[in-house]
Amino acid sequence: MILKSRRTFLKTSFLTTAVIVMSGGALFGAINPLETILKAQEDLFPHAKKLGVDVRAYLLIILHHSRVTDEDKTFIRNGAQWLNEEAVTQYNLTYPELSADKRQKILKIVSKERWGESWIHRILTYIMEATFSDKVYGVNKNENGQKLLNFTPGMPRPKEPLL
Amino acid sequence: MMYDVCIIGSGAGGAPIAYELSNAGFNVVVLEKGKDYKEEDFSKDELAVSRRSMFTPLLKEEQHVINNRADDGTVTRYVGSEVDWNFWNGSMVGGSSNLMSGYFHRMKPNDFKLKSVYGEIDGANVVDWPISYEDLEPYYDKVEKVVGVSGNISKHKFAEPRSTPNFPHAKLEENGVTKWFDLACTNLGFESFATPRAVLPHAALGRNGCYYSNFCGSYGCSSGAKGSARAALLQKCKAEIITEAFVYKLDSDESKITTAYYYDNNMFTHAISAKIFVVAAQAIESARLLLNSKNMYFPKGIANNSGEVGRNLIFSAGGSGQGRFKFENLSEQQQKELMQPGLFFNRSLQTWYDYEESSKKYKGGTIDFLFEHANIVSRASREFYNDEGDIIWGEELQKKMHKTLTTSRVLSFEVFNDWLPTDECFVSVDDEVKDKFHMPVGAINLWGHKHDVKVGEHLAKKAVQVLKEMGAEEISYNISSAPPPNLVAGGCRFGENPKTSVLDKNCKTHELENLYVTDASFMPTGGSVPYTWTIYANSFRVADKIIASLNKIKY
């Protein structure tokens, strides 16, 4: 129920509003930041998918949460834009259009930049939050993240989503 | 309606007054900014409690401004919401005591006479307390019995005098690694002892015992075992508690507080009248309230004609460190002990509560040892970098995370020493930033005396010796002047002289007849221990003074 309403809201969210990508001072095109973020999270921690963790759904929750600051949200969106600009500079294609190998190369390049390291760190942190979230949030239903690390969650568990 | 007592803030400073006064038959109202939670409302939801700080205000609505002073005298201004820096600790009935770990140490007799025993220090406003350890001892004892403190007294060089032979509750169950710790300390000639905790090991005092959830500090207690001001006191008395009541102003005539004004959740304003007012909103917010409450009699803020309100803000100095124990160095039995969840580590060292170096006597402090917090997201996130310091992801991250978190465990330590009070560390109100109630926010003017770091370093090196002796690897520590937001005191220090202190020795303001401040604001120096036990004890002491004062009015 929560996820459904979040998704409806997303139709008009700041993350789905097109962002301009420049190349060499000229307009290259427009990208959907959310599409880039979702592709990047798969590239950064593909294991989450194997564990059955719905990181996409979690990102939809958290990137619209009142306790994530506007500055953080803007940074995540800007990072998606800059990631695409690097992809265009290197390969003349947007990040989601690249092959998996080339996307990894782009991540390596941006990870050496201060913003890039920070952006990857933020996305990885959200992935970890999803991977180890309580099943009440509906994105880690089988709690495979916890099982992966032999982790026993604290009791009592939340009865309802508190985020 | 005229109450006997109106208390602003329901944490460790306010709750003992509410408990004692209401049980003595007085008509008490408590105004609490946060919501009320019961045991059944608390869960171990890391995302909500730790990652998104659900028990503290949204910074865009309520924040602090921090003016950080560098050693060269330059001051950098930080607006809290812009840099995600705040000093909130828990806005709810019972305050931050709900979320404490409950590491309970008494201050030592010498902590009450720091200036007399250790002398003056250049650039620091060190003073003796106007009361002694002997004055507070009966109230430390009362806290043991009423709030509930568990532990086991063992003799060591700096063990404080007690009026009873032992704690009223047996110590909590301990992880097997404590045996390694004790052996290492014996080898080194250090005196380890079980850390007293404000946690009940068994059902007592109308509360349940600890169920060893593995998630104690930072989380509300679901059994009531933790001695929060809410579970131990407010739920055991008949004081009226008004929640979501933000007190924005006190008004007065020339000698008495007449009214406390508060906003409710709908921004409607209300007024409370009482014979006695007690401010206990935590050190920064208490000073802020007084400074924001100006009138013709107190143009610089209530009780501030001396200009002392907000001055001499202190924190706990020190820092923390850690070492890692790895499976490859351990027997199978030791591996099992290491990974045993839930049971506490609970070990402390006070061997250097004071020490000599180059023939000079120094006030030292306390080192508490504890396992790294169980929060899994935090622990996983600490694996994002490889040994070269590069951020990693994908399979490399997954393998590193798995190996580290399933075959090793971190033992941490926390150093507590005195944060020297200075002219440069104080609370004021900001000229520009206002909160959602349109009130100027608290400005925290920060500076740490170099002496604090020197002492912290001395203690941290001792802790490192223990970790090495135990066989830990990857040992590191960080001692700095960074202020811990959950260990804050001062700002309304008590003392005999109205020109240099805000409160008299009974924590009543020098300038008004019916205004008390009973959170950690009163402390002119902080001792080298966490503050909560002392706050509780002092508040019980002041409660006796208020009862005497009200009885005088009555008869």
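Figure 1. Two strands pair if DSSP finds at least two bridges between them. Helices (H or I, at least four residues) and strands (E, at least two) are DSSP runs, numbered from the N terminus. In chain B, strand 16 (residues 426-434) and strand 17 (residues 440-446) run antiparallel and are joined by 5 bridges. B:Ser428 stands opposite B:Ala443 of strand 17. The two strands form a hairpin with 5 residues between them. In the turn, B:His438 has a positive phi of about 70 degrees.

This is a predicted model: local features need pLDDT of at least 70, side-chain atom pairs count only at pLDDT 80 or more, and totals for chains, interfaces and linings use all residues. Residues are numbered from 1 along each chain as its sequence is written, while chains are lettered from A and ligands numbered from 1 in the order in which they are written.

**Figure 2. Chain B as a whole.** Chain B has 13 helices and 20 strands. Its C-alpha atoms fill a box of roughly 70 × 55 × 50 Å, taken along the principal axes. The radius of gyration is taken over C-alpha atoms; the globule rule is 2.2 Å times the number of residues to the power 0.38. A compact globule of 555 residues would have a radius of gyration near 24 Å, and the 23 Å of chain B agrees. A residue is buried if 20 or more other C-beta atoms lie within 10 Å of its own, exposed if 12 or fewer, and partly exposed in between; C-beta atoms are placed from the backbone. By that count, 55% of the 555 residues in chain B are buried.

**Figure 3. Nonpolar cores.** A nonpolar core is a set of buried Ala, Val, Leu, Ile, Met, Phe, Trp, Tyr and Cys residues joined through C-beta atoms within 7 Å. The largest one has 176 residues. B:Val5, B:Cys6 and B:Ala18 have the most contacts inside it. Two residues are in contact if their C-beta atoms, placed from the backbone, lie within 7 Å. Leaving aside neighbours within four places in sequence, B:Ala18 is in contact with residues including B:Ile7, B:Val28, B:Leu233 and B:Cys237. Apart from this core lies another, of 31 residues, among them B:Val177 and B:Phe413. In soluble globular proteins, nonpolar side chains tend to be buried together.

**Figure 4. Where chain B touches chain A.** Here 30 residues of chain B are in contact with 33 residues of chain A. On the chain B side, helix 2 (46-51), helix 10 (376-381) and helix 11 (394-407) each give two or more residues. Helix 11 of chain B gives the largest share, 6 residues.

**Figure 5. Helix 7 of chain A.** Chain A has 8 helices and 2 strands. Helix 7 (residues 114-131) of chain A has 18 residues. The helix reaches 26 Å from its first C-alpha to its last, close to the 26 Å expected at 1.5 Å a residue. The expected span is 1.5 Å times one less than the number of residues. Among the buried residues of helix 7 of chain A are A:Trp119, A:Ile120, A:Ile123, A:Leu124 and A:Ile127. An α-helix has 3.6 residues a turn, so residues three or four places apart point the same way.

**Figure 6. Two loop residues of chain B.** B:Tyr353 is found in the loop between strand 11 (347-349) and strand 12 (354-357). B:Tyr353 is buried, because 24 other C-beta atoms lie within 10 Å. B:Gly364 is 11 residues away along the chain, yet the C-alpha atoms of B:Tyr353 and B:Gly364 are separated by 4.4 Å. B:Lys35 is found in the loop between strand 2 (28-31) and helix 2 of chain B. B:Lys35 is partly exposed, because 13 other C-beta atoms lie within 10 Å. Not counting residues up to four places away in sequence, B:Lys35 touches B:Met92, B:Thr243 and B:Glu244.

**Figure 7. Backbone exceptions.** Most residues other than glycine have a negative phi, and most peptide bonds are trans. B:Met267 has a positive phi, near 65 degrees. B:Met267 is exposed, with 10 other C-beta atoms within 10 Å. B:Gln282 also has a positive phi, near 85 degrees. B:Gln282 counts as buried, with 29 C-beta neighbours inside 10 Å. In chain A, a cis peptide bond joins A:Met155 and A:Pro156, with omega about 0 degrees. A:Pro156 is in the segment after helix 8 (144-148) of chain A.
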